[in-house]
Amino acid sequence: MRVAMIGSGYVGLVSGACFADFGHVVTCVDTDPAKIDALKRGVMPIYEPGLAELVAKNVEEGRLFFTTDLAGPVAEAESVFIAVGTPSRRGDGHADLSYVHQAARDIAAAITGYTVVVTKSTVPVGTGDEVERIIREARPDAEFAVVSNPEFLREGAAISDFKRPDRIVIGTEDARAREVMTELYRPLYLNQSPLVMVGRRTAELIKYAGNAFLATKITFINEIADLCEKVGANVQEVARGIGLDNRIGSKFLHAGPGYGGSCFPKDTLALMKTAQDYDAPTRIVETVVAVNDQRKRAMARKIIAVCDGNVRGKRIAILGLTFKPNTDDMREAPSLAIITALQDAGATVTAYDPEGMEQARTMLGGVEYATDPYTCAKDADALAIVTEWDAFRALDLDRIKTTMKAPVVIDLRNIYRPEDMSRRGFTYVSVGRLNS
Ligand SMILES: NC(=O)c1ccc[n+]([C@@H]2O[C@H](COP(=O)([O-])OP(=O)(O)OC[C@H]3O[C@@H](n4cnc5c(N)ncnc54)[C@H](O)[C@@H]3O)[C@@H](O)[C@H]2O)c1
């Protein structure tokens, strides 16, 4: 099948490369010429394990193309995916649908023959109706169907998530579109991935409900972690104790500095706004959003408290900047709020991240960047682990200790054991566990 992928960011590029790998002929389109130039040269615009190899293989085998010209590939395609960004709109937190609407207008001008237009971007309920209206108004003669097919991949594990999804959600009332979608996903379907066929509005809501539920789970365990600290319990053991209950499940029960990233913050906010507009407010999600917002700066206060309540003139080393490991994505990373709060309190911040420093430089001022964890820790009054990159899990702690001004570690991801850290002579504070 011929596929046009509009938007070649995290989702568009990964989806495009995976569809090509299934045997379809895919053209990834983007309005950013630098991104397309880089892709044509084999340079990935994002850090995602395995992506460069997958792209190279499918380009070489003649199934994956890149262009800034939307019209040609859309005219030839049987299915056109919209995978553009839907960031929070400035001012009110609703999803900004301007990129989706623009893509719909561009697609309308170019489609020929029966075309399935698929919204892969995360979009509020009713967006499919609007995309359909835009295309219909521009091209009353066109033969097309608009389908919702939300994406559930996680950055850092995007390719395996796309190729081995828990489920594929397809929202359409159009029987012909359903056939096209089934054909597109046939390799996964044959591999036992469940296809969840629902109405378009239901599919749109499944994505938001899923993300809001996961954000709630994280926020729940974070609050339990705070309680553990007060009552002398261990949050990791509480999480294991409840997670073994199949009704709860063990995933997304890791206490930490609050959720961030390109999806949960904007999607929880957008769901909350939609729900308010429809007079069916989601109070739990509203609380989750508020609790999570507060948590990031609270983590800075936690670091400051360990430094005797004062970081003015002190140097704080930060290990990990991205919102999670194995990505270079800095969008809404907790590190941004934590570092800014530390700087506000008068600290000098040195930071190291295996992949996120290039993006961080454009978002944070006054940070000194180190070339590795050890130079980052040098002369620091305290070191905070903010992202649990594997590279930080087995640090030479004795070496770290000798380079630091004071052996103080605040582990916001609970990757070390309090008793080990104490034995090595560190003042060690983690999340939801007794300090050493
Ligand atoms: N990043 C994730 O982990 C993830 C996971 C699931 C769903 N999503 C959703 O997928 C969507 C895309 O997210 P992303 O992280 O890939 O965004 P992104 O910002 O990485 O990529 C979007 C791309 O679309 C391009 N673009 C914008 N308008 C265009 C147009 N009219 N024509 C062609 N290209 C255009 C931009 O230049 C950009 O390269 C969002 O709705 C997001 O919520 C993201």
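Predicted model: local features only at pLDDT ≥ 70, side-chain atom pairs only at ≥ 80, totals over all residues.
Reader: How does one judge the overall dimensions against the number of residues?

Author: The general idea is to set the radius of gyration beside the value for a compact globule with that number of residues. For 436 residues the globule value would be near 22 Å, and the protein has 23 Å, which agrees. Along the principal axes, the C-alpha atoms fill a box of roughly 70 × 50 × 40 Å.

Reader: What percentage of the residues count as buried, and what do the contacts say about sequence separation?

Author: A residue counts as buried when its relative accessible area is under 20%. By that cut-off, 54% of the 436 residues are buried. As for the contacts between residues at least 6 apart in sequence, 72% join residues at least 24 apart.

Reader: Which residues have the most contacts inside the largest nonpolar core?

Author: A nonpolar core is a set of buried nonpolar residues joined through side-chain atoms. The largest one here has 63 residues, and those with the most contacts inside it are Ile316, Ile318, Leu321, Leu342 and Leu383. Apart from this core lies another, of 41 residues, with Ala20, Ile36, Phe81 and Val116 among them.

Reader: With which residues is Leu321 in contact, leaving aside its neighbours within four places in sequence?

Author: The contacts of Leu321 include Met330, Ala333, Ile339, Ala351, Met357, Ala360 and Tyr369. Ser335, Asp353 and Thr387 are also in contact with Leu321.

Reader: Is Cys228 buried or exposed?

Author: Cys228 counts as buried because its relative accessibility is 4%, under the 20% cut-off. Cys228 is found in helix α10, which spans residues 200–231. Not counting residues up to four places away in sequence, Cys228 touches Ala233, Asn234, Val235, Val238 and Gly432. Its C-alpha atom is separated by 37 Å from that of Arg89, a residue 139 places away along the chain.

Reader: What is the phi of Glu332, and where is its place?

Author: Glu332 is another residue other than glycine with a positive phi, of about 55 degrees. Its place is in the loop between β9 (315–319) and α14 (334–344). Glu332 counts as partly exposed, because its relative accessibility is 46%.

Reader: In which helices do Asp37 and Asp161 lie, and how accessible are they?

Author: Asp37 lies in helix α2, residues 33–40, and is partly exposed, with a relative accessible area of 44%. The C-alpha atoms of Asp37 and Phe66 are separated by 8.4 Å, although these residues are 29 apart along the chain. Asp161 is found in helix α7, residues 158–163, and counts as buried at 14% relative accessibility.

Reader: Which residues does Asp161 touch, not counting residues up to four places away in sequence?

Author: Asp161 touches Phe152, Leu153 and Arg154. Phe152 lies in the loop between β6 (144–148) and α7. Leaving aside neighbours within four places in sequence, Phe152 is in contact with Asp161, Arg167, Val169, Ile206 and Lys207.

Definitions and conventions
Residues numbered from 1 in each chain as written. Heavy atoms only, no water. Rg over C-alpha atoms; globule rule 2.2 N^0.38 Å. Buried < 20%, exposed > 50% of the residue type's maximum accessible area, 1.4 Å probe, protein only. Contact = heavy atoms within 4.5 Å. Core = buried A, V, L, I, M, F, W, Y, C linked by side-chain atoms within 4.5 Å. Helix = DSSP H or I, 4+ residues; strand = E, 2+ residues; numbered from the N terminus.
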